[in-house]
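Dear colleague,

Please find the structure below, together with an account of what was found in it. I would be grateful if you would read the account with the model open.

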Amino acid sequence: MTKRPFLGWFASPSILIAFGITASVLAIVQYSLRAHVPGSIDPGGFTLANFATLWHVAYGLVFLNSLLLCIWTALFALLIGYPLAYAMVRARSLSLRSAILLISLTPLFLGEIVRTYSWMIVLGNRGFLNSVLLQTGLIERPINLMFTMSGVVIALVHFTLPIVVVMLAAALSHIDRNLERAATSLGAGRIRVFLTVTLPLSIPGVVAATSTAFAWTFSAFATPQMIGGGQVQTISTMVYQVGFASFNFPLAASLSLMGLLFAVAVLAIFNTGMRQLERHGAH
Amino acid sequence: MYKSFSDHLLDWAGRILLTLILGFLVLPFIVVFIASFNESAILSFPPQSWSTRWYVNAFEYRDFGNGLRNSLRVAAFGAGIALVAGAGFAYVFNRYDFAFKNTLNGILLSPLIIPNFTIGLGVLVLTAAASMPRNVWTVVAVHVIIVLPFVVRSVYVSLQNLERAYEQAAESLGGRPLHVLLTITLPLLLPGLVAGAIFAAILSFNEFTASLYVVSQRTETLPVAMYNYVREYADPTLAAMSVLYVAAVAALLLLVHKIFRLEKVLNVD
């Protein structure tokens, strides 16, 4: 009898998948170093020309745009998600909790297309929002939200909100309520208890939720593509455009490779920064 | 408990804020619901006249039917494979130490950070470089990679909450490893496994970006078919399609919630 039953059998399928993931990433690295042969998906010889092409203001702006989109989306998702997660965890009535849970989580399982299309109908020039505002006389001309950064941010906040709420709710539900009760019994008001006890204790959850919101926004394609309509370029829309409009897969590969390194670097900087802040906060 | 005036004010402010936020979450779905019954092909609010013809159109549009069949097939195989591989990995990760354990874990969870468009492009150029054919199994492979981390997490949480004493009791009574696994461990893990599989299937059914890179016209999934429809037509057929989509997913979630309680599954209890 072996001491570790099933180890080989159980690990094998996942090892196979891990090889698949590694091979795909290596294929991107390989393609990023190859020359583009117009009209073919097969690349030419080895070159660094793709990275030289990316070293251009236009691509720099796309990276900057992606970063800004991620920052705005994460910020608003946190501001809106925190009260929602708080209400979900703290609501006394079970039916209210269930209702909040279902309403905030259903969008998580609806995918990008349905949600983005719905927002197109809300934000369009003949859409819901402009119709309501025009008919009530609040505005005279339609507000342009389609094909703008603001429109993309609104839809992306809606896209990332559910996962942010799940992560914040998980953090909030694991806070020891006795600490809040102790603060209350010592005479602190509700706002003060929240600001000095609950909020600081939930910071690890906030950090995790921010990282995830960032990663989701960075990965989003349908929303910037459909609502941005080519006017709001992100790394994801650019990779697709370079790949499927110009069929320049080597350049698309180097662009997504740089994008991946960029995202990992930003997340690493953010997490290190937050850890530093926490260490200082502890003193 | 005595409540001061400011406490009441805070309660009301909280309620209003909560209503506004929930309103923001449901607004697009209410709007798409109204739009789907708009008679005219051009949107207007409120609709001038009402009709259900876009629903008929959605049912009759061949690409949607084809996409739905492909999506169901890909979701079933993708979630099934991810469940077997993910549960197996979560089990050995939870129980044993072995060489490259953390490396393997890191690679399998990396799709949480690697954007879907990069995964799609990666598999596309991999199949091109290796001269492999791109068919429905390519799409399944992409989906397995993307949903695997969620299955691993779900099963891992169940394993951590598992009471080891039952297994130890069975072992001390002479139960052979396979017998213990099948009669004790597996039944205890079942809720976690089923929940993991359902979430994997829903995530796979929704996956769009990575699929866009690897599908052909024949293997196109439903989200890709819907995306292609918006690019070509502006009529409310897609609104009708979205309403059906939302209704199906909400019904499924309600069912999962009734059986498993979502707050338990998502660890927010």
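**A helix pair in chain B**

Helices here are DSSP runs of H or I with at least four residues, strands are runs of E with at least two, and both are numbered from the N terminus.

Before going further, please note that this is a predicted model, in which local features need pLDDT of at least 70 and side-chain atom pairs count only at pLDDT 80 or more, while totals for chains, interfaces and linings use all residues. Residues are numbered from 1 along each chain as its sequence is written, and chains are lettered from A and ligands numbered from 1 in the order in which they are written.

H6 covers residues 136-160 of chain B and H8 covers residues 177-206; the two pack at an angle of about 155 degrees, with their axes 9 Å apart. Axes are lines fitted to C-alpha atoms, for helices over the stretch in contact, and angles run from 0 to 180 degrees between N-to-C directions. H6(B) and H8(B) are therefore roughly antiparallel, the word for angles over 145 degrees. Among the residues that make the contact are His143(B), Phe150(B) and Leu159(B) of H6(B), and Leu189(B), Gly192(B) and Phe199(B) of H8(B). Two residues are in contact if their C-beta atoms, placed from the backbone, lie within 7 Å. By class, this contact of H6(B) with H8(B) has twelve nonpolar, six polar and no charged residues. Ala, Val, Leu, Ile, Met, Phe, Trp, Tyr, Cys and Pro count as nonpolar, Asp, Glu, Lys and Arg as charged, and the others, Gly among them, as polar.

**The two chains**

Chain B has twelve helices and zero strands, and chain A has 13 helices and zero strands. The C-alpha trace of chain B spans about 75 × 75 × 30 Å along its principal axes; for chain A the spans are about 80 × 75 × 40 Å. The radius of gyration of chain B is 23 Å, whereas a compact globule of 269 residues would have a value near 18 Å. This radius is taken over C-alpha atoms, and the globule rule is 2.2 Å times the number of residues to the power 0.38.

Of the 269 residues of chain B, 43% count as buried, and of the 283 residues of chain A, 45% do. A residue is buried if 20 or more other C-beta atoms, placed from the backbone, lie within 10 Å of its own, exposed if 12 or fewer, and partly exposed in between.

**Where the chains meet**

In the interface, 73 residues of chain B are in contact with 75 residues of chain A. Helix H1 (residues 5-36) of chain B supplies the largest share of the chain B side, 14 residues. That side has 59 nonpolar, eleven polar and three charged residues.

**Two loop residues**

Phe247(A) lies in the loop between helix H12 (235-244) and helix H13 (249-282) of chain A. Its phi is near 50 degrees, a positive value in a residue other than glycine. Phe247(A) is partly exposed, with 15 other C-beta atoms within 10 Å.

In chain B, Phe100(B) is found in the loop between helix H3 (62-95) and helix H4 (101-109). Phi of Phe100(B), a residue other than glycine, is also positive, near 60 degrees. Is Phe100(B) buried or exposed? With 12 other C-beta atoms within 10 Å, Phe100(B) is exposed.

Yours sincerely

Conventions
Parallel < 35°, antiparallel > 145°, perpendicular 65-115°, else oblique.
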